[in-house]
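Here is a brief report on one protein model.

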Amino acid sequence: MARAGYGIVVLAWPDRVAGGLLRRGLGPRERVVARVLASRQLVQALGSGARPGYPVLALGAQVDLAHAVSMLGLGLLNRRHRRAALSDAVIAAGFALAGRLAARSTGGCSSSGSS
């Protein structure tokens, strides 16, 4: 629910969310990028369903982790978008951690191989 809510808020008000992180207004391209990333959040939330099992939660956590790493890279390479990229990396890492913890709580596989 949190992921879907986040996606909807950014889709509806990208200037308030992403522009607030940048501390300036968004350009047309930045607004599109914010909405594309928000759409990914919404699609992932809808694709996960109301009661996702271990495989869906584990895959979602991996997607979020990959997104976090890509935003770290962008933040290191692009000074203009550093603040927004690093903020998005923290948000994605939070979703990844929440997904990993939720996957573990389903009684599915663990990274250590033990149950």
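## Glu30 and its surroundings

Beyond its neighbours within four places in sequence, Glu30 is in contact with Leu22, Arg24, Gly25, Arg80 and His81. Contact means heavy atoms within 4.5 Å. Glu30 lies in helix H3. Helices here are DSSP runs of H or I with at least four residues, numbered from the N terminus.

Glu30 counts as buried because its relative accessibility is 14%. Buried means under 20% relative accessible area, exposed over 50%, and partly exposed in between, with a 1.4 Å probe and protein chains only. The Glu30 side chain also reaches the backbone nitrogen of Gly27 at 2.7 Å.

## Basis of the model

This is a predicted model; local features need pLDDT of at least 70, side-chain atom pairs count only at pLDDT 80 or more, and totals for chains, interfaces and linings use all residues. Residues are numbered from 1 along each chain as its sequence is written, and side-chain values use heavy atoms, with hydrogens and water left out.

## Arg3 in helix H1

Arg3 belongs to helix H1, residues 2-12. Arg3 counts as buried, at 12% relative accessibility. Its side chain joins that of Gln41 in a polar contact of 2.6 Å. A polar contact is a pair of N or O atoms within 3.5 Å; within protein, one must be able to donate a hydrogen and the other to accept it, and residues adjacent in sequence count only if both atoms are side-chain atoms.

Neighbours within four places in sequence aside, Arg3 is in contact with Arg40, Gln41, Gln44, Ala45, Asp64 and Phe95.

## The largest nonpolar core

Seven residues, 7 in number, make up the largest nonpolar core: Val10, Ala18, Leu22, Leu26, Ala34, Ala38 and Ala84. Helices H2 (14-22) and H3 (28-48) each supply at least two residues of this core. Such a core is a set of buried Ala, Val, Leu, Ile, Met, Phe, Trp, Tyr and Cys residues joined through side-chain atoms within 4.5 Å.

Val10 is in contact with Val17, Ala34 and Ala38, leaving aside neighbours within four places in sequence.

## Helices H4 and H5

The axes of H4 (residues 54-77) and H5 (residues 82-105) come within 7 Å and cross at roughly 160°. The two helices are therefore roughly antiparallel to each other; the cut-off is over 145 degrees.

Val69 is found in H4. Val69 is exposed, with a relative accessible area of 51%. Val69 and Leu86 are 17 residues apart in sequence and 9.7 Å apart in space, C-alpha to C-alpha.

Note on methods. Axes are lines fitted to C-alpha atoms, for helices over the stretch in contact, and angles run from 0 to 180 degrees between N-to-C directions. Angles under 35 degrees count as roughly parallel, over 145 as roughly antiparallel, 65 to 115 as roughly perpendicular and the rest as oblique.
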